[in-house]
Amino acid sequence: MYPFSFTKVSDIPGALAAGRRGGRYIAGGTTLVDLMRETVERPGALVRMAEAAAHPKVRALYPVVSQALELSASAQLRNMATIGGNIMQRTRCTYFRDVTADCNKREPGSGCAALDGYNRTHAILGTSDHCVATHPSDAAVAFAALEATVDLLGPDGKERSVPFADFLLKPGSTPDHEQALRQGELITAVAIPAHPRPLKSGYLKVRDRQSYEFALTSAAVALHIRGGVIREAKVAAGGVGTVPWKLPAVERHLIGERPSKSLWTQAAEQAADGARPLEYNGFKAELLKRTVERQLRIVGGAA
Ligand code: SF4
């Protein structure tokens, strides 16, 4: 680990003042300290993941958020890691964490070892010729589905709100540029807009083992069904995109229809539209469709 200095602050103005002097914000530290230890990183929102998952309002109104948080990491990590840190976490691409490998995200212009390497866990959506790494957060998939916003406070005291879809950036030709954060900005909240009630929702995560593993595919689904008709549908996928992947074609297919087994199947058929599989991850396109179909059935019923 490189030497670094750690400044402890007790309030937001103190954090902003420290941010103006450069460096990175650290909250729970469960990801950032790992990356510093591996010398990948050199150098926000402080609600712990476990706290948010267990909050009665989150459980009652947005089970999709609770479930996504509870299926993340381990209990120990969830007790320490924060919501801000979770959505800001870096990719789990093994080449990114191997400082001897070529990686445009870690070392711009060096190349991408994953393109011709072992890319079974990498992305099939939102990729570029420069980077194919997935975004690892489960909670971010739920936030993307619900069209949350990220509230930011700048070092000059200016506040702004960024739609979740614009906060995490696809790699394009600059995969090292991952969020729409400006230097010194602090995440103060992740806000979920009001959705019509009742809203049924849930999160399904498919992975190689049932605990402490990142998603191969996942689906966050929220449905507002009134009078037997789907009035609002919010669907996003994880484990497949370079950012949490919203599925507007699936949503459009659902709205105005009555829940049925065939509707779930037909809607999910569009989940992998635009996918660009690599040598070892072609299975993800079919797995994604099945994941979305299953979660629509779980949330929407009508077996
Ligand atoms: Fe680096 Fe992205 Fe390539 Fe992984 S996929 S090696 S993070 S550039």
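Select lysine 105 first. With a relative accessibility of 12%, lysine 105 counts as buried (buried is under 20% relative accessible area, exposed over 50%, partly exposed in between, with a 1.4 Å probe and protein chains only). Lysine 105 sits in the loop between helix H7 (83-88) and H8. Helices (H or I, at least four residues) and strands (E, at least two) are DSSP runs numbered from the N terminus.

This is a predicted model: local features need pLDDT of at least 70, side-chain atom pairs count only at pLDDT 80 or more, and totals for chains, interfaces and linings use all residues. Residues are numbered from 1 along each chain as its sequence is written, and side-chain values use heavy atoms, with hydrogens and water left out.

Stay on lysine 105 and show its surroundings. Beyond its neighbours within four places in sequence, lysine 105 is in contact with Arg90, Thr91, Phe96, Cys131, Ala133, Pro175, Asp176 and Glu178; contact means heavy atoms within 4.5 Å. Now pick out glutamate 178. Its side chain and that of lysine 105 are joined by a polar contact of 2.8 Å (a pair of N or O atoms within 3.5 Å; within protein, one must be able to donate a hydrogen and the other to accept it, and residues adjacent in sequence count only if both atoms are side-chain atoms).

Zoom out and colour by domain. The domain assignment gives domain 1 (12-97 + 134-191) and domain 2 (200-300); such bounds come from an automatic or database assignment. The contact takes 28 residues from domain 1 and 26 residues from domain 2. Taken over C-alpha atoms, the two domain centres are 23 Å apart.

Next, select aspartate 138 and lysine 205. Their side chains meet in a salt bridge of 2.8 Å, N to O (a side-chain nitrogen of Lys or Arg within 4 Å of a carboxyl oxygen of Asp or Glu). Across the interface of domain 1 and domain 2 there are 3 salt bridges.

Now highlight helix H5 (63-70) and helix H8 (139-145). Each supplies at least two residues of the side of domain 1 that touches domain 2. The largest share of that side, 5 residues, comes from H8.

Finish at glutamine 210. Is this residue buried or exposed? Glutamine 210 is exposed, at 60% relative accessible area. Its place is in the loop between strand E4 (200-206) and strand E5 (217-226).
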